[in-house]
Amino acid sequence: MPKVYAGASGWAYSSWKPDFYPAKLASAKFLSYYATRLNSVEVNYTFRSLPTDQQLKGWIAATPPGFKFAIKAHQRITHLKRLRGAAESTAEFISFLQPLERAGKLGPVLFQLPPNLKCDVPLLAEFLASLPYRLRAAFEFRDTSWFVDEVFAALRKRNAALCLAESEVIQAPPVQTADFFYLRLRKDRYSAKSLCEKTQRVADLVPRAEVFAYFKHGETPDAASHAESLLAAINAG
């Protein structure tokens, strides 16, 4: 059966003590502890900074086999170039991720587009064609003009996932375009009822493909706790 990977959008939050991290745990050990309770994390750090080999080696060493890092693409690709003429920048970015790939710990790469970028199918198709096929790519569109059949077809042609993102202002349609699902659960709060609904939603997706699901980070460890509960419920089912 396809696997579920779940986590939070980041791990380096001292405010998660003592409810998630032990009170006396050093920050250098946050990731290794996080990885004892969750099997994936979404890395937003890479949106602004390119990871060094030393950082990647540290991430790899701190996590067990099978742990996956979902990586947010650098803003130069998505927000400065806005995908246009971005093939070289994207290839350079992907090359930095090779240590994770060699270790078997590279999950999907998330390309989050700016909210003021309207639908442009030829631009998307050109960008998709520049990606190496081995790369698992997910696209988060933050303008509703992108939610059309032509975009879904372009994503399917490349086996790229439509990011099933939800926030207080927008929700992507439940359309499958790849052999994996990528969920970003970005609302500020989730009630017990809504968390049960999210768990059932993931359970319904599992027979169809691998699922990567990430809750929005915050000052409290709710995101990590929600992800942990989701994994427990799926594994128990």
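Colleague: At roughly what angle do the axes of helix 6 and helix 7 cross, and how is their arrangement described?
Modeller: In this predicted model, the axes of helix 6 (residues 121-130) and helix 7 (residues 149-158) come within 10 Å. They cross at roughly 5°. Angles under 35 degrees count as roughly parallel, so helix 6 and helix 7 are roughly parallel.

Colleague: Which residues of helix 7 are buried, and within what arc do they fall?
Modeller: The buried residues of helix 7 are V151, F152, A154, L155 and R158. Their cover includes helix 6, strand 5 (137-140) and strand 6. Seen down the axis, these buried residues line one face of helix 7, because they fall within an arc of 160°.

Colleague: Which exposed residues does the face of helix 7 turned away from its buried side carry?
Modeller: The buried side of helix 7 holds V151, F152, A154, L155 and R158. The face turned away from that side carries the exposed residues D149 and K157.

Colleague: Is N159 buried or exposed, and what is its phi?
Modeller: N159 lies in the loop between helix 7 and strand 6 (161-162), just after helix 7. Its relative accessible area is 18%, so N159 is buried. Although N159 is not a glycine, its phi is positive, at about 60°.

Colleague: Where is L83 found, and what is its phi near?
Modeller: L83 is found in the loop between helix 3 and helix 4. With 3% relative accessibility, L83 counts as buried. L83 is a residue other than glycine, yet its phi is positive, near 75°.

Colleague: Which residues of helix 4 are buried, and what arc do they cover?
Modeller: In helix 4 (residues 87-96), the buried residues are S89, T90, F93 and I94. They pack against strand 3 (68-72), helix 3 (75-80), helix 5, strand 4 (106-112) and helix 6. S89, T90, F93 and I94 are on the same side of helix 4 because the arc they cover around the axis is only 135°.

Colleague: What separates the C-alpha atoms of L100 and I60?
Modeller: L100 has its place in helix 5 (residues 98-102) and counts as buried, at 0% relative accessibility. Leaving aside neighbours within four places in sequence, the contacts of L100 are L56, I60, F69, I71, K105 and L106. L100 and I60 are 40 residues apart along the chain, and their C-alpha atoms are separated by 7.0 Å.

Colleague: With which residues is W11 in contact, leaving aside its neighbours within four places in sequence?
Modeller: W11 is one of the residues with the most contacts inside the largest nonpolar core. Once neighbours within four places in sequence are left aside, W11 is in contact with W16, Y21, F30, L31, Y34, V41, V43, W59 and F69.

Colleague: Which bond joins K17 and P18?
Modeller: P18 lies in the loop between strand 1 (4-8) and helix 1 (30-37). Between K17 and P18, omega is about -5°. The bond is a cis peptide bond.

Note on methods
Residues are numbered from 1 along each chain as its sequence is written. This is a predicted model: local features need pLDDT of at least 70, side-chain atom pairs count only at pLDDT 80 or more; totals for chains, interfaces and linings use all residues. Side-chain values use heavy atoms; hydrogens and water are left out. Axes are lines fitted to C-alpha atoms, for helices over the stretch in contact, and angles run from 0 to 180 degrees between N-to-C directions. Helices (H or I, at least four residues) and strands (E, at least two) are DSSP runs, numbered from the N terminus. Angles under 35 degrees count as roughly parallel, over 145 as roughly antiparallel, 65 to 115 as roughly perpendicular and the rest as oblique. Buried means under 20% relative accessible area, exposed over 50%, partly exposed in between (1.4 Å probe, protein chains only). Contact means heavy atoms within 4.5 Å. The arc is that of the directions from the helix axis to the C-beta atoms. A nonpolar core is a set of buried Ala, Val, Leu, Ile, Met, Phe, Trp, Tyr and Cys residues joined through side-chain atoms within 4.5 Å.
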